[in-house]
Amino acid sequence: MAPTIDMEARFLDYVTAENKVEPKDWMPEGYRKTLVRQISQHAHSEIVGMLPEANWITRAPSLRSKLILLAKVQDEAGHGLYLYSAAETLGTSRDEMIADLHSGKAKYSSIFNYPTLSWADMGAIGWLVDGAAIQNQVMLCRASYGPYSRAMVRICKEESFHQRQGYEIMLHLAKGTQEQKDMAQDALNRWWWPSLMMFGPSDDNSPNSAQSMAWRIKRKSNDELRQEFVDKTVPQAKFLGLSIPDADLRWNEALGQHDFGSIDWNEFFAVVAGNGPCNSERIEARRKAHAEGAWVREAASAYAAKQAARRSSAAATKPQAA
Amino acid sequence: MKWDTCDPSEQYLLHLGDDALILGHRLSEWCGHGPILEEDIALSNLALDLVGLARQYYQLAAKRIGLGTTEDRLAYWRGERDFKNHVLVEQPNGDFADTMARQFLFDAFHLLQLEAIEQSPDADLAAIARKALKETTYRAQHSSEWVVRMGDGTDESHSRINAALKRIWPFTDELFQPAEVDRIAAERGLGPDVRTLREPWLELIREVLAKAQLSLPDMPQKLLRGKSGVHSESLGFLLAEMQSLPRAYPDAQW
Amino acid sequence: MSAPDQWPLWEVFVRSKNGLAHKHSGSLHAPDAEMALKNARDVYTRRSEGTSIWVVLSSNIVASAPDAKEVLFAPSDDKVYRHPTFYEIPDEVGHM
């Protein structure tokens with residue numbers, strides 16, 4: 001049994017020293033499994049996350065905002081793709097991961113199970129949801145698994161415009177007509193608490209957290225990230241002249257951070273369990289796209305096979321050079 | 001604003017912009033629903049290019065019309081009777097075969113049209129066409145490659161693209177029938193006499209269909225006048241959705 | 001072995017405008033080389049980052065074994081990714 005303990009201990013020392021783990025390296029099975037779950041969940045979140053925003057592309061109120069929103073949602077598709085690619089280095093396939101998403105076996109960020117009901121939601125999502133995601137992502141740029149951290153670096157570079165785009169929309173609405181201001185406040189009211197829930201339950205209730213931290217695939221606790229997010233976002237809301245829907249929110253001078261109200265974890269767990277406002281619609285949309293696309297993918301594969309056959313028979317019948 | 005009292009040269013810009021906007025808008029509907037992630041990204045790129053092209057035409061038109069006109073006033077505040085796109089581009093997406101059939105037939109025309117506009121003595125207009133040619137060439141390659149893949153793929157894809165081409169074929173004649181807007185543009189040397197584009201277009205189409213193991217559809221043509229603002233019933237619903245927000249809040253800036 | 005609607009995996013290498021060498025950017029799925037190139041252009045150069053793109057079927061890449069000094073034990077085969085049979089214990093560790 002001693003050799004196993006040596007391997008795991010050696011691995012732990014290796015990642016503790018901030019070394020990168022690459023696809024061919026030995027790794028504990030738990031590390032590999034956790035990564036596949038975490039990376040694929042992240043990928044699924046990007047893909048499902050396209051839907052609430054894609055909902056408003058055809059109704060974007062200006063040509064410039066139409067282009068910006070379309071580009072943003074396209075970026076999310078790209079991010080999903082980078083992440084599926086990173087996960088594939090660990091011995092799973094995109095098809096397997098997608099099957100798990102559609103069957104409900106795999107999870108994705110619960111925030112995307114909420115509906116987008118106004119243009120201001122485009123602002124709120126960019127500002128709050130992307131804002132929260134960025135915090136998580138910056139930390140993951142230093143994750144111990146090479147392909148994951150490199151995908152995150154690429155994602156972070158592209159992400160910077162997403163949050164700015166959202167905040168710009170909020171700013172524009174907050175300085176607009178009374179109806180636009182009300183629209184912005186209403187969006188903030190609906191997206192604030194779900195955004196805080198994005199960071200997940202308190203780490204005391206997160207059994208995997210400690211192991212993930214040791215393996216350097218998680219670098220800050222859920223509560224730490226959530227606190228950072230609140231502290232960063234409160235002044236941004238103040239600048240907009242909007243009020244955060246939390247009566248218990250106040251500055252704590254002693255701790256140098258904001259106190260905030262308790263999160264309704266019943267809502268979080270209900271949404272995670274599949275009973276949020278849009279869970280079934282989101283999965284159904286993805287299942288439908290995949291099912292309806294099957295004949296297209298098959299056609300492309302069939303054509304590629306035919307072309308390959310033609311090329312090899314052409315090569316075979318080529319007259320020999322003199 | 002009485003859009004039909006604009007100078008015909010400006011109306012031509014609106015016609016060009018409308019084709020790009022409506023087609024780009026249709027393609028953007030695929031975002032999040034494509035047959036595979038990679039193609040979702042590709043379709044979004046096509047939509048971005050087309051809406052971007054529309055903006056250039058509209059911005060030029062707005063500058064020339066003056067009177068405080070903006071690209072958004074042109075896109076969001078004209079009714080469907082003032083839109084001058086071909087009825088072809090407003091047709092619903094249908095399945096991927098329908099979308100690529102529509103795209104393929106329009107892209108071949110678009111390429112020929114832009115090559116002619118690039119020669120226009122109107123320097124600003126020519127510049128837009130010149131810039132658009134590279135991405136339009138890419139777009140035409142993309143759509144024709146998909147037609148070939150579907151035509152020479154599986155039995156199912158072959159019958160789907162065949163059916164799709166048959167459905168959309170009756171909308172193509174309008175491309176080559178001058179209406180007032182493109183007739184005057186041709187007289188002024190701004191754009192091509194579209195009647196002269198039919199043969200080269202047919203040649204491009206035939207070449208691709210041959211590779212795709214498909215035959216030229218033999219469907220009667222519809223009598224269409226989209227370029228004169230008489231559209232199919234699809235455009236009204238498209239614009240109702242697209243224009244809904246500014247129209248719901250007319251005193252707001254977006 | 002793969003389903004008819006599955007597209008194989010390709011690795012993408014991009015050399016940027018003023019770059020000296022192709023860098024590995026990531027991977028994507030495509031049915032053939034032409035689409036792999038087109039998709040790579042869409043996915044990995046959307047910001048006009050690159051000019052030259054290489055695509056290679058992942059299964060065609062042959063990799064050297066990692067330097068034992070720098071990394072932990074590695075399987076001795078020459079493929080870039082792990083196999084679906086997941087991790088293998090190197091022989092020197094002995095039976096579990």
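Chain B and chain C bury about 1100 Å² between them, with 59% of that area on carbon and sulfur atoms; buried area is the accessible area (1.4 Å probe) that two parts lose on being put together, summed over both. Glu38(B), Tyr138(B) and Arg149(B) supply 48% of the area that chain B buries against chain C, more than any other three residues.

The model is predicted: local features need pLDDT of at least 70, side-chain atom pairs count only at pLDDT 80 or more, and totals for chains, interfaces and linings use all residues. Residues are numbered from 1 along each chain as its sequence is written, chains are lettered from A and ligands numbered from 1 in the order in which they are written, and side-chain values use heavy atoms, with hydrogens and water left out.

**Chain B against chain C**

This contact (heavy atoms within 4.5 Å) takes 10 residues from chain B and 11 residues from chain C. One salt bridge is found across the interface of chain B and chain C, a salt bridge being a side-chain nitrogen of Lys or Arg within 4 Å of a carboxyl oxygen of Asp or Glu. Glu145(B) forms a salt bridge with Lys38(C). On the side of chain B that touches chain C, α2 and α5 of chain B are the elements that give two or more residues. Helices (H or I, at least four residues) and strands (E, at least two) are DSSP runs, numbered from the N terminus. The most comes from α5(B), with 5 residues. By class, this side of chain B has 5 nonpolar, 2 polar and 3 charged residues; Ala, Val, Leu, Ile, Met, Phe, Trp, Tyr, Cys and Pro count as nonpolar, Asp, Glu, Lys and Arg as charged, and the others, Gly among them, as polar.

**Chain B against chain A**

Between chain B and chain A the buried area is about 4000 Å², and carbon and sulfur atoms give 69% of it. The contact takes 49 residues from chain B and 46 residues from chain A. The count between these two chains is 3 salt bridges, and one salt bridge joins the side chains of Arg94(A) and Glu38(B).

| Salt bridge | N to O distance |
|---|---|
| Arg94(A) and Glu38(B) | 2.6 Å |
| Glu145(B) and Lys38(C) | 2.8 Å |

There are also 15 residue pairs in polar contact between chain B and chain A (both at pLDDT 80 or more). A polar contact is a pair of N or O atoms within 3.5 Å; within protein, one must be able to donate a hydrogen and the other to accept it, and residues adjacent in sequence count only if both atoms are side-chain atoms. The largest share of the side of chain B that touches chain A, 12 residues, comes from α2(B). The residues on that side divide into 23 nonpolar, 13 polar and 13 charged.

**Helix packing**

Helix α12 (residues 294-316) of chain A packs on α5(B) at an angle of about 85 degrees, with the axes 8 Å apart. Axes are lines fitted to C-alpha atoms, for helices over the stretch in contact, and angles run from 0 to 180 degrees between N-to-C directions. The two helices are therefore roughly perpendicular to each other (angles under 35 degrees count as roughly parallel, over 145 as roughly antiparallel, 65 to 115 as roughly perpendicular and the rest as oblique). Trp295(A) and Tyr303(A) are among the residues of α12(A) in this contact, and Trp146(B) and Arg149(B) are among those of α5(B).
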